[in-house]
Amino acid sequence: MGEIAEMAHVSKRTIDYYTSIGLLNADRSKSNYRIYSDEALVDLKFIEECKSLHFPLDEIKRKLEMRKAKHLRESEVEKHVSAVTQQMKQLHSDLFDLIPILETLDEEQKQKLTSNLSLLRTTLMQSLLSVTT
């Protein structure tokens, strides 16, 4: 457990908690130690990324399950698309609320933010195009 905690830059306690609530899965050794796979490390990094975006743990668990599912029912896909659409609307609203603050920044600060937003917008567009083609 210490190795995966170190690789993911989280505490052992965090790993233990995620395992206890079913976000992470571990195999057991003959001496009953938990053994985490490379897939668990990928999951852990995904969990931490979702947490940084302020997703609640139950939503993160649902996202993990969807990532691992071989096939999803159409209703599940529609539900997920609806959730993403709602999140995009919320983000748009949040950005709109920032306009007065952004107007107070100097040109260098504005350029840095614009650059970051452009990169995110490009990534989002690529993701959307990959889904629709």
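This is a predicted model: local features need pLDDT of at least 70, side-chain atom pairs count only at pLDDT 80 or more; totals for chains, interfaces and linings use all residues.
View 1. With a relative accessible area of 35%, Leu-98 is partly exposed. Leu-98 belongs to a nonpolar surface patch of about 450 Å², made together with Leu-95, Ile-101, Leu-117 and Leu-120. Two or more residues of the nonpolar patch are given by each of α5 (74-102) and α6 (107-132). Helix α5 makes the greatest contribution to the nonpolar patch, with three residues. Patch membership requires over 30% relative accessible area, and Leu-98, at 35%, therefore passes that cut-off.

**View 2. The largest pocket and its lining.** The largest pocket holds about 1800 Å³ of space. It is lined by 35 residues, of which Val-84, Gln-87, Met-88, Leu-91 and Leu-124 are the closest to its centre. Helices α3 (38-52), α4 (57-68), α5 and α6 each supply at least two residues of the lining. The largest share of this lining, 13 residues, comes from α5, the helix that also gives the most to the nonpolar patch. Sorted by class, the lining of the largest pocket has 20 nonpolar residues, nine polar residues and six charged residues.

View 3. Leu-44 has its place in helix α3. Its relative accessible area is 0%, and Leu-44 is therefore buried, the cut-off for this class being under 20%. Leu-44 and Ile-4 are 40 residues apart along the chain, while their C-alpha atoms are separated by 8.7 Å.

**View 4. The salt bridge between Lys-51 and Glu-48.** The count for the model comes to seven salt bridges, and one of them joins the side chains of Lys-51 and Glu-48, with an N to O distance of 3.9 Å. Both partners lie in helix α3, where Lys-51 and Glu-48 are three residues apart, about one turn of the helix. Lys-51 is partly exposed, at a relative accessible area of 36%. Glu-48 also counts as partly exposed, with 23% relative accessibility.

View 5. Glu-59 forms a salt bridge with Arg-62, in which the closest N and O atoms are 2.8 Å apart. Arg-62 and Glu-59 both lie in helix α4, separated by three residues, about one turn of the helix. Arg-62 and Glu-59 are both buried. A salt bridge also links Glu-59 with Lys-63, the closest N and O atoms being 3.8 Å apart. Lys-63 and Glu-59 lie four residues apart in helix α4, about one turn of the helix. Glu-59 has 16% relative accessibility and so counts as buried; Lys-63, at 11% relative accessibility, is likewise buried. Elsewhere, salt bridges that share partners join Glu-39, Asp-43 and Lys-68 into one network.

Terms used
Residues are numbered from 1 along each chain as its sequence is written. Side-chain values use heavy atoms; hydrogens and water are left out. Patches are made of residues with over 30% relative accessible area and no salt bridge: like charges are joined within 9 Å, nonpolar side chains (Val, Leu, Ile, Met, Phe, Trp, Tyr) within 5 Å. Accessible areas come from the Shrake-Rupley method with a 1.4 Å probe; for residues, only the protein chains shown count as cover. A salt bridge is a side-chain nitrogen of Lys or Arg within 4 Å of a carboxyl oxygen of Asp or Glu. Buried means under 20% relative accessible area, exposed over 50%, partly exposed in between (1.4 Å probe, protein chains only). On a 1 Å grid over the protein atoms alone, a cavity is a set of points where a 1.4 Å probe fits but cannot get out, and a pocket is an open set with protein on both sides within 12 Å along at least five of seven lines; lining residues have an atom within 4 Å of a point. Grid points are joined across faces, edges and corners, and a volume is the space filled by probe spheres set on the points. Ala, Val, Leu, Ile, Met, Phe, Trp, Tyr, Cys and Pro count as nonpolar, Asp, Glu, Lys and Arg as charged, and the others, Gly among them, as polar.
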